[in-house]
Amino acid sequence: MDSEEILKAREESISHLKSIYGDDAETVTADARYGFISGLLKDVLKKPPVERLTLSDRIDKVIVNRWLGIPLFLAIMYGVFQFVFTLSAPFMDWIDQFFGWLGGYASGISPDWLASLLADGVIGGLGSVLIFIPPIFLLFIAIAVLEDCGYMARAAFVMDRVMHKIGLHGRSFIPMILGFGCNIPGIMACRTIENPKDRLTTILINPFMSCGARLPVYVLLAGAFFPANPGLVVFSMYIIGIIVAIIMAQVLRKSILKGPSGHFVMELPPYRLPTISGVLIHMWERGSLFLKKAGTIIFGVVVLVWLLSSLPWGVEYASAQSVIGRIGSFVAPIFAPAGFGQWQAAVSLIFGFLAKEVVVGTMGTIFAVEEGILGDAIAAQLGWTPLIAFAFMVFCLLYVPCVAAIGVIRGETNSWRWAGFAALYTTVVAWIAATIIFQIGSLFIG
Amino acid sequence: MADWWPEDLEMMRLRLLASYERPESERRESKKMAKEITIALAGNPNSGKTTVFNNLTGARQHVGNWPGVTVEKKEGICNYQGYHIKVIDLPGVYSLTAYSPDEVIARNFIVEAKPDAVVDIVDASNLERNLYLAVQILEMGAPLIIALNMMDEAESKRYRIDVNALAEEIGAPVVPMVANRNQGTDELLKEIVKLAEEETTLPGFKINYGQEIENEIAKLERLLSQSGLSLDYPPRWLAVKLLEGDEEIINKIREVKVG
């Protein structure tokens with residue numbers, strides 16, 4: 001009698017049980033244990049009759065309902081984006097007018113190069129990013145409210161079944177939702193996942209969750225190319241991000257990260273009314289990062305883009321003959337199959353690696369206009385159609401996360417190889433997705 | 001201790017106190033005279049396990065790592081009525097499967113170190129979920145004591161728990177506690193000493209898994225006991241784990257030598 005024989009007997013027993021129960025023995029044994037416990041508790045535990053359904057339980061009957069759960073989740077997310085858009089529009093107009101006035105004032109300054117640096121570079125570039133303060137802060141308010149009231153834990157619970165199908169569990173969904181704010185806390189939240197392969201998978205798909213920094217790209221392009229319903233288009237970006245994340249999780253779990261997934265009991269905290277100060281603190285924690293980025297990385301890049309657009313001296317500002325035009329022209333053919341093979345797009349995507357808001361900031365500097373008319377400038381000068389704009393948005397959604405996120409992936413996985421892998425594979429996925437959208441879309445739209 | 005006193009500050013304070021407590025020689029002496037007992041603390045996360053651990057060991061704590069993994073291992077000493085009780089804090093887990101390093105550490109310790117008692121800290125206000133771990137500890141044949149913690153919360157929810165009935169039906173001592181207010185620590189220590197002194201094996205605890213599964217368990221159990229494989233674990237428990245597809249146990253069986 002040796003171990004081989006025992007293991008063979010095991011296989012036989014398992015397939016026998018599977019044929020009877022249609023379920024893994026593990027599920028049946030767990031049920032038996034809980035059955036024992038609930039029998040035991042009938043004798044041991046007396047609960048007061050009124051307590052049976054707390055208000056939280058009653059709300060949960062609807063929120064985490066088997067059929068209603070996921071539609072409700074989507075409806076809530078859609079509501080969030082409509083809220084963000086409708087409410088932020090007037091504020092964005094004010095900021096736009098302010099920068100328009102400031103730009104007009106700056107262009108009167110002498111010498112000419114300083115006027116160009118301030119008006120075209122700093123105000124055009126930084127202005128086109130800062131205008132997104134209202135939607136970004138409103139999005140962070142909405143996320144904070146959903147978190148503080150206890151809904152986020154429910155969203156994870158609702159998605160648990162979906163996540164199980166892709167070989168992860170609901171726990172992985174919390175980092176994904178956090179990724180909507182910013183991928184960096186999302187990636188760091190993966191620490192709570194015990195199973196190393198679950199954890200690595202969740203880290204690697206987190207960049208597909210559309211962070212707040214990508215919002216400016218969508219708002220700019222959706223507003224210019226889909227004026228009828230920009231909210232819906234932006235909402236679709238978030239959904240595409242989730243779908244791609246789920247697909248890639250499955251691909252990773254079935255290829256390089258094969259193995260069983262961990263089990264976890266999910267705790268659902270009771271619903272609470274969020275406090276105003278709590279929501280504002282959370283909003284500020286995340287929103288201030290955006291302002292800091294605007295003051296440092298984005299400002300630096302904007303000046304760099306202006307410089308490269310003006311060099312060599314004497315060249316027409318931001319023309320194809322400028323340094324930036326030559327860099328862009330060199331890279332641009334890669335993006336031609338996806339529809340946006342113009343050097344301006346290529347350049348903004350390259351600089352977008354530093355921070356995704358920079359995609360818009362770079363465009364603002366190149367076209368030397370601020371946000372209000374930047375969309376129109378892109379449509380007119382690059383000859384983009386709504387289809388190309390959509391493909392470009394999808395590319396921005398999926399391609400390499402910002403350099404800070406890659407740094408955090410390196411820190412959390414303790415491996416440059418995984419960080420490099422994350423940068424590379426997301427870009428490949430982005431290129432494929434954008435190309436498919438443009439090529440197939442062209443067949444129908446022409 | 002004030003409520004606002006953060007836990008890790010408290011730990012630092014305790015460790016500082018411990019550093020100038022009794023000289024090493026004196027400690028060794030008392031160890032020689034006292035009877036040694038080893039106990040393990042198990043429990044779900046948020047069941048108040050750390051509080052119970054602090055109540056038991058006070059200043060005499062040592063923090064290290066479990067071998068081979070970066071999971072924190074806390075050990076402490078508690079001297080009680082001439083007994084020298086070594087307290088091992090197991091990682092907080094909901095279950096004893098092989099899905100996380102924490103769970104494997106917990107169950108391996110229970111089987112390999114054979115502590116004189118496994119104290120499972122159970123949240124009385126959340127009995128159903130917490131007892132799942134207790135049931136699995138019993139299934140491993142370990143000497144279990146249930147520390148029924150957070151009795152105050154259960155009371156505020158107006159739960160009525162029949163402690164004696166619970167102890168009787170599950171076949172293990174049950175000690176009601178409010179660890180936050182250091183209530184029940186003495187009773188728990190009494191039960192620990194009693195269980196360690198008794199040296200009696202617990203009445204074999206069994207979950208009835210239903211006819212079909214029981215048949216397969218019996219088959220595997222027989223093969224395991226006849227095999228002459230040297231395995232620390234109780235055969236019935238191994239059989240259940242094999243059926244559950246527990247990777248760690250399957251690998252153990254694959255690698256173990258006859259003898």
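**Exercise 1.** Identify the buried residues of helix 19 of chain A, and determine how they are arranged around the axis.

*Solution.* The model is predicted. Step one is to apply the burial criterion, 20 or more other C-beta atoms within 10 Å of the residue's own. In helix 19 of chain A, which spans residues 403-413, the buried residues are A:Ala405, A:Ile406, A:Val408, A:Ile409, A:Glu412 and A:Thr413. Step two concerns their directions: because they cover an arc of only 160° around the axis, they lie on the same side of helix 19 of chain A. Finally, just after helix 19 of chain A, A:Asn414 adopts a positive phi of about 55°.

**Exercise 2.** Describe the side of chain B that touches chain A, by number of residues, by element and by class.

*Solution.* Begin with the count: 48 residues of chain B contact 39 residues of chain A. Next, assign elements. Those of chain B that each supply at least two residues include helix 4 (101-112), helix 5 (127-139) and strand 7 (160-161). Helix 9 of chain B gives the most, with 9 residues. By class, this side of chain B comprises 26 nonpolar, 8 polar and 14 charged residues.

**Exercise 3.** In which sense do strand 1 of chain A and strand 7 of chain B pair?

*Solution.* Strand 1 (residues 45-46) of chain A pairs with strand 7 of chain B in the antiparallel sense, over 2 bridges. Within strand 7 of chain B, B:Ile161 stands opposite A:Leu45.

Technical notes. Residues numbered from 1 in each chain as written. Chains lettered and ligands numbered in written order. Predicted model: local features only at pLDDT ≥ 70, side-chain atom pairs only at ≥ 80, totals over all residues. Buried ≥ 20, exposed ≤ 12 C-beta atoms within 10 Å, placed from the backbone. Helix = DSSP H or I, 4+ residues; strand = E, 2+ residues; numbered from the N terminus. Arc of directions from axis to C-beta. Contact = placed C-beta atoms within 7 Å. Nonpolar A, V, L, I, M, F, W, Y, C, P; charged D, E, K, R; others polar. Pairing = 2+ DSSP bridges.
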